[in-house]
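Me: I would like to go through this model step by step. Could we begin with a local detail and then widen the view?

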Amino acid sequence: MNTRDVAWVAAGVAALGVLAQGHRGLMAGLRRRPAPAVRRFEPPSVTVIRPIRGLDVEARQNVRALLDLDYPGEWEVLFVFDSEEDPAFAVTREELGAHPTRAKRVELLVAGEPPRGLTGKLNAMQVGVARARGTLLAFSDSDTRPAPGVLTALVSALLEDERTGATFAPIYAAAEAPLAGDVGYGLLVNAWYGSSVARAAGPDGALPFIMGQLMVFRREALTDIGGVGCAAGQFVDDMYLGRRLHEAGWKNRVIHTPLRIVTGQLELRAFLRIFRRWVLFSEAGLPWNFARPNWVRGVMGWLAWGGLVAAATQRKWGHAALASLPIGFSVWSQLRLQRECNGPRISPRHYWVPAVLPLLGAGVALSARLSREVDWRGRNYQLDAKARLGNALPERASV
């Protein structure tokens with residue numbers, strides 16, 4: 001065996017070792033996730049605010065799930081739209097008329113077009129807050145389907161510690177009949193993001209940021225940082241709010257009860273646009289020590305693919321087999337983490353998706369550096385180098 005062969009073997013073994021060590025760390029984080037809250041508590045009133053723009057996959061079922069929450073205290077739901085012309089407005093109104101709910105009050109609000117410096121979502125959040133009557137404020141994304149008890153679990157965890165300012169649910173993505181894009185999105189959410197959240201969270205679920213597909217706030221915590229309006233000019237409101245709360249001495253906690261993001265009919269090209277947006281999201285709010293392990297996993301994947309292509313080009317099949325080992329381990333690891341994070345099983349016909357996901361990630365990351373324009377819910381945003389709303393000057397809005 002010559003020096004080059006030894007180098008190949010060493011590189012392959014090193015890549016496999018790095019991936020295996022990373023997998024063990026992620027699995028350890030998942031095993032120490034905080035148990036579901038079971039304490040009895042005096043339930044304060046809650047306002048659930050759901051901004052909606054456009055018709056999500058299975059939108060009717062998502063509305064029904066929100067109306068089916070079994071929170072034991074007084075609660076209300078505010079659906080907030082840009083206009084009554086939004087295709088989801090009529091659908092939501094029909095569901096409200098046909099589906100019973102224990103919520104004390106349910107309203108459809110119209111926020112109008114967002115002013116300069118605000119995303120459409122943040123504008124809707126502010127309109128909802130202005131009309132909210134609850135002691136606690138909750139925000140729910142329209143593409144999620146909460147299980148009945150998740151709001152109770154969020155509030156229970158919030159009340160366990162008087163310095164907890166916000167709680168949020170861990171997410172998983174699932175489609176009934178997944179296409180390749182749905183599989184890619186599920187892996188991104190479940191095997192990459194979800195497992196990383198579990199690894200980074202403290203023993204009580206504490207994190208320096210929020211991923212807010214469903215999040216609950218104390219009003220006094222929001223007031224302490226200037227309300228949701230303090231996120232004006234930011235592209236990613238939830239991560240920014242979580243960072244501000246952390247800096248102000250409040251605690252953000254992820255709970256155990258999972259929250260489903262509903263996907264479906266997602267082609268690979270559409271997934272890549274979402275992947276690109278998530279990369280930009282991460283630039284705006286995820287600390288480097290959280291993102292670094294995923295970058296390491298990605299780099300090992302790129303190196304293994306590079307080695308495989310180089311070996312195959314030179315017809316060195318032993319080297320090619322060695323380079324395939326880290327790729328195979330990466331696929332197995334993602335499939336395992338996917339299941340551990342409540343995700344669905346992946347059909348063998350889609351195993352190629354986790355194999356190439358690190359390569360897709362490299363292309364998406366490069367695209368995000370070359371162009372700072374991003375489409376989100378039918379609006380185009382021009383972002384600056386720190387993934388904020390570019391040169392748009394945020395207007396002062398009431399909280």
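**The hairpin and beyond**

Reply: In the hairpin formed by E12 and E13, two residues lie between the strands, and Arg377 takes a positive phi near 55°. The model is a predicted one: local features need pLDDT of at least 70, side-chain atom pairs count only at pLDDT 80 or more, and totals for chains, interfaces and linings use all residues. Residues are numbered from 1 along each chain as its sequence is written, and side-chain values use heavy atoms, with hydrogens and water left out.

Me: How many bridges join E12 to E13?

Reply: Four bridges join E12 to strand E13 (residues 379–382), and the two run antiparallel. Trp376 stands opposite Arg379 in E13. Strands here (E, at least two residues) and helices (H or I, at least four) are DSSP runs, numbered from the N terminus. Two strands pair if DSSP finds at least two bridges between them.

Me: Which residues of E12 are on the covered face, and which on the uncovered one?

Reply: In strand E12 (residues 373–376), Val374 and Trp376 make up the covered face, and Glu373 and Asp375 the uncovered one. In a regular strand the side chains alternate between the two faces of the sheet.

Me: Changing topic: what is the strand order in the open sheet of eight strands?

Reply: The order is E3-E2-E1-E4-E9-E6-E10-E8, with mixed pairing. Strand E3 (105–110) and strand E8 (206–207) are the edge strands, each pairing on one side only. E8 is joined by two bridges to strand E10 (residues 251–254), antiparallel, and Ala206 has Arg253 as its bridge partner in E10.

Me: And E1, how many of its residues are buried?

Reply: Seven of the seven residues of strand E1 (residues 46–52) are buried, so the strand is largely enclosed by the rest of the structure. Buried means under 20% relative accessible area, exposed over 50%, and partly exposed in between (1.4 Å probe, protein chains only). Val46, Val48, Arg50 and Ile52 point one way, while Thr47, Ile49 and Pro51 point the other way. E1 and E2 run parallel, joined by seven bridges, with Phe79 in E2 as the bridge partner of Arg50.

Me: Staying with E2: is Val77 buried or exposed?

Reply: Val77, which lies in strand E2 (residues 75–81), is buried, with a relative accessible area of 0%. Apart from neighbours within four places in sequence, Val77 is in contact (heavy atoms within 4.5 Å) with Val48, Leu66, Ala103, Arg105, Val106 and Glu107.

Me: Which strands form the open sheet of three?

Reply: Its order is E5-E11-E7, and the pairing is mixed. Strand E5 (144–145) and strand E7 (171–175) are at the edges with a single partner strand each, so one side of each has no neighbour in the sheet. E7 runs parallel to strand E11 (residues 259–263), with five bridges between them; Ile171 has Leu259 as its bridge partner in E11.

Me: Now the whole chain: what does the secondary structure come to?

Reply: The protein chain has twelve helices and 13 strands. Its radius of gyration is 22 Å, close to the 21 Å that the globule rule gives for 399 residues, so the chain is as compact as a globular protein of that length. That radius is taken over C-alpha atoms, and the rule is 2.2 Å times the number of residues to the power 0.38. Of the 399 residues, 56% count as buried.

Me: What does the C-alpha trace span along its principal axes?

Reply: The span is about 75 × 45 × 40 Å.
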